[in-house]
Amino acid sequence: MSVAGESGRAQQTRARAQDLEQAAERATDPQERQRLKEQARRLKEQSEHAGGTHKRDTDPTVSSRR
């Protein structure tokens, strides 16, 4: 897969995670809210791995040892 394809998929996954977070904020049922938040968290992790956007890559306080 091309880098652009991976980036696009990561962006779509992040957008979906954002949608789920917003739905969680609107949810009135605590169990549904928690389920949506957890699903959003998992999608964010997937997008970070797929897009190569790891915390150490974007956090200037973390040194890179590559």
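Q: Which residue does Arg 42 form a salt bridge with?
A: Arg 42 pairs with Glu 38, and their closest N and O atoms are 3.6 Å apart. Keep in mind that this is a predicted model.

Q: Okay, and how many residues apart are those two in helix H2?
A: They're 4 residues apart in helix H2, so about one helical turn separates Arg 42 from Glu 38.

Q: What about Glu 38 and Arg 41, how do their side chains meet?
A: In a salt bridge as well, at 2.2 Å from N to O. Both residues sit in helix H2, 3 residues apart, which is about one turn of the helix.

Q: Which residues are linked in the network of salt bridges?
A: Glu 38, Arg 41, Arg 42 and Glu 45.

Q: New topic: what does Lys 44 form a salt bridge with?
A: With Glu 21, and the closest N and O atoms there are 2.5 Å apart. Lys 44 is in helix H2 (residues 30–51) and Glu 21 is in helix H1 (residues 3–26), so this pair ties together parts that are 23 residues apart in sequence.

Q: And how accessible is Lys 44?
A: Lys 44 has 34% relative accessibility, so it counts as partly exposed. Glu 21 has 23%, which makes it partly exposed too.

Q: Last one: how many salt bridges does the count come to?
A: The count comes to 5 salt bridges.

Technical notes: Residues numbered from 1 in each chain as written. Predicted model: local features only at pLDDT ≥ 70, side-chain atom pairs only at ≥ 80, totals over all residues. Heavy atoms only, no water. Salt bridge = Lys/Arg side-chain N within 4 Å of Asp/Glu carboxyl O. Buried < 20%, exposed > 50% of the residue type's maximum accessible area, 1.4 Å probe, protein only.
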